[in-house]
Every structure is written in C-alpha cells, then in structure tokens.
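Please look over the model below before reading my notes.

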Amino acid sequence: MAAWELGTVVKLFRKHTGLSQTGVARMVSIDQAEVSRLERGLKQIRDRRQFVQWTDALGVPEELLGLLPTADPHLRDSTGRPGTADTGARGYAALPEGPGQLLLPAGRAVSTTALPVLTLPAASFLGDSLRLDSRPELDAWRTMPMRALIVANRTVDGAVRQFVTDARPAGARAPGDLVDIPAAYELDDLTYGILWAVSGFEAALLGDDQPLHTSLESLTASPGSPLASDHGLTEISRMLIGSETAARHILGHRDHLGDAPVFWTREQRGEEAATWLFFRHKYLYFERMAPRRPGGASGRGFCVPETAVASSPAYERVLLFLAIALMESFGIRTWVTDDGGFAHTDGFALSHGRRAVIASWVRTEGASHLAVTARPGVLRTFADVTGHVSHHSATAAEQAGQRLAATAEYLGLDASWLGRRCAQLSAVGTERLARPRSRLLGIEGLEAACRFVAEQLVIIPRTRTAPTR
C-alpha cells in the first residue's frame, strides 16, 4: 500500500475471499477488464482519494490507511493534509451505460449502500439541464419505490462527466415524460457526499422503522439512559436517538442559558456532522436555539485533529464544512482547534457564570451523558475550554465568510469551488438529488448551508457547468 500497488492489494483480496475479477468489478462499479489491467500493472492509481475509495469498497482495515502517502509522491504537499488542487476537479470512476449500481462505501457508522443506477447518454444540453430522451427502461426506472438514480453521461474534452438525479420525480408525471437533470447535479465530492450521507442514513432508519418508532415514543431524558441497544438498532438509529435525547435535554433548559450561550461539540468527521444537515429534529433545534440578538457572542467549538482531516475522504470533509456553515448561518460563530487534548471533552451548552447543560452523544459508547450543573469549578473549566479554543482557533476571523474560507483551507478543500458549487445547488435546490424517504430526515439544513456558503464566499452564481452541446 505504501508503494501504491493497488493491483497487489486486489489480488490478495481475491485470494482470501475467493471472489472473481468480475465480482470485484461489481463492488466498485467498473468493468472486469479494468480489474485485470490493475492486477497486471497496466493500470495505476496515484490519487489518494481514488485509492481510499477502493480500500473502502474492499474493506481494508482503517489502521492500514496510515501507510498511504497523503498524495502522489511526485506531487509534494508540505502541509501533510489532503491537497486542495484535486477537490472536485476530477469526477468519480465513470458508471458504465445501462443498469448497474453505485456502491457507496461504509463509514464508521454508515453501512455500505448500493444504489440502483440507470446510466444513459445525454440527448442534449438545453439551458442549465441535460435532457434524456424517453425510453421504456427509463419509465420503468422512475417507478422504483426504493432510492434509485438516473445518470446522464456527457463527454467533455475527451473525459466523461456524469450528472445524477433521483429516479422518482418530485411531482406528478406521465409515461414518456422527458427527464431533465440540472447541470448543478454533476457527480463530484459535493454531490457524492450528499448522496452518501442521505442514502446511508435513510437505509438504516427505514430498516429500523418499527423498533425505532417504539424507542422514540418511549424516549426519556434521564442521564445516561441506554440508547435502545437491546433492540438491535443500527448505529445510525442509535445516533439519532442520542442526538434527539441531547437536543430535548438542552431545549428543556433553554430559558436558563441566556441570549448567547456557547457550545462545545464532539463531531470530528463528516459522518457525525452530517446529522446536523439531515436529521430533521436538528434543524428544528437550531431554529429554537439561535441567538436571540443579532450579532451576539454565541459560539460553538470543534476539536478536529489533523489526523481526522488526513484520514477523511474529501466528500466527508465537505459534509463537515457544510455543517459548520449551517451553524454560522444561524449566527453562531465557529471555532476549530487541532489540539487532540480536547477530543474527549463532553459536549455542553454554557451560560457564563450561570449554568452548564451537559449533553454528549457522539462517541459515548451507546449511552448519552446528560446533566445540568451550576458548580463554579465546572463552569470555570468549560469557560476555559471555549475561551482557549476561541482565542487559538485555526479558523479565526472576524467575518463569517472569512471563517468559512479558513475552514475550507484547514480541511483541504477549495473555497472558490465550494462557493461556486453551493451557488449552483442553491439555484436549483437539492430535492431532486437527495429527497429523503424517511420522515425523520430532511434537507432544510443542507439547503440553508448551501445558500449561506454561496452568499458568504462571494462567488457569482453560475448554474452551468459548461458541458459541450
């Protein structure tokens, strides 16, 4: 792995699993011939993002990823973090035309998700949309009750670019209707991350629907209450229960937290932070917890060590960025520290000199930690945490837009690309890309974050990604 010999990794994987080259090809949505070329050394992958996508699909243990250079050894990166040059610049491996699947890799909590995909050549490019001609298989694909995708291919400058939409139309449709896919839905780190999170969350929550409904009905805010682990729920469902328990706990003490409480949060990766973008109750929580006075001193601190940044794929880093942007959109100043000594600090909401509401659910081994305290020693400790991080934030700046640009740089993302792509998505909305099937999920947070990024990064909206006509 340290020598970028993915072909050897694949051969060893097939030896120990008994899978054929065709089986591996299905796992990563490519042709068998490509797997053969890789194993024979005729094809090489020198991009760390693509290499990690392969290792995710094959289930390579995470601890082995530390053996990989952060980038192609021929392209030096002095920061030690993922470079920004390739963020969104190159698409994912092209999906072959016809029916197939898009394999979305597992995360720490998200399970591997395979989405049915119908890939067709775009018939035309009109305005800001790619159009697919009507055909019987397209009509059949659009009636699937499960999440499925339609992908339009367009070749630009010799490279295949792909544009993706939810197969099911948002409104009424008639057989033979043409399919238009917004050019803003080009498959890249932004749209891939959105699909990865909403699909992974949705599959887990729908799979747990009945026991999860029972657990939510009986939800209590007693400190340390178990997160329904005896029901065999998925990790995502336990995350939702923990998150909602913490939200209810803090909201129950809202009036005692003053006009501008400060917060500490334990999210470090996009998978954890994406709950702010897609869990419906979290957006409602933001609406009720937003600072009561414009321009107040409310803030939220994050501990995101460089090791977490370096080990996260770009699409997860985009999700973390969007979650931070969502908080900024509600008037909450964000601070980011790379000091790993703060990683185990409990999540809390603090009213200086009055009380602290402790509400931890991220990485708490299946039980929320909930409490309320007015003890002076605890209040001083929490104030010291937020005070230190706010004064030594890696993303410190006076204006929200400047903090977002600094956050993008810290996460190894291209701020101008993020601003442009968020402007494109804001112009068309995200419903046709990521409309949830679960009532527990929503896209209000995602859309608010995209609007705010487009506004704050001062990018002139361009909804066209300019494939040739």
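How many cavities of 30 Å³ or more does the structure hold? It holds 2 of them, where a cavity is a set of points on a 1 Å grid over the protein atoms alone at which a 1.4 Å probe fits but cannot get out.

1. A word on the source. This is a predicted model, in which local features need pLDDT of at least 70 and side-chain atom pairs count only at pLDDT 80 or more, while totals for chains, interfaces and linings use all residues. Residues are numbered from 1 along each chain as its sequence is written, and side-chain values use heavy atoms, with hydrogens and water left out.

2. The largest cavity. Its volume, meaning the space filled by probe spheres set on the points, is about 200 Å³. The lining (residues with an atom within 4 Å of a point) consists of 20 residues, and Ile250, Trp276, Arg300, Ala359 and Trp361 lie nearest the centre. Helix 8 (235-251), strand 8, helix 10 (280-289) and strand 12 are the elements that give two or more residues to this lining, and helix 8 gives the most, with 4 residues. Helices (H or I, at least four residues) and strands (E, at least two) are DSSP runs, numbered from the N terminus. By class, the lining has 11 nonpolar, 5 polar and 4 charged residues, with Asp, Glu, Lys and Arg counted as charged and Gly among the polar ones.

3. The second largest cavity. This one holds about 30 Å³ of space, and its lining includes Gln268, Arg269, Val304, Glu316 and Leu411. Helix 11 (306-310) and helix 12 (314-329) each supply at least two lining residues, the largest share, 3 residues, coming from helix 12.

4. Six strands form an open sheet with mixed pairing, in the order 10-9-8-11-12-13; two strands pair if DSSP finds at least two bridges between them. At the edges are strand 10 (333-337) and strand 13 (369-373), each of which pairs on one side only. From one strand to the next, the twist averages 15°.

5. A pair within the sheet. Strand 9 (residues 299-303) runs parallel to strand 10 over 5 bridges, and arginine 300 stands opposite threonine 334 in strand 10. Arg300 is also one of the residues nearest the centre of the largest cavity.

6. The packed helix. Helix 13 (residues 376-391) packs on the sheet, touching strands 8, 10, 11, 12 and 13, with contact meaning heavy atoms within 4.5 Å. Its direction makes about 100° with that of strand 11 (348-351), where axes are lines fitted to C-alpha atoms, for helices over the stretch in contact, and angles run from 0 to 180 degrees between N-to-C directions.

Key
On a 1 Å grid over the protein atoms alone, a cavity is a set of points where a 1.4 Å probe fits but cannot get out, and a pocket is an open set with protein on both sides within 12 Å along at least five of seven lines; lining residues have an atom within 4 Å of a point.
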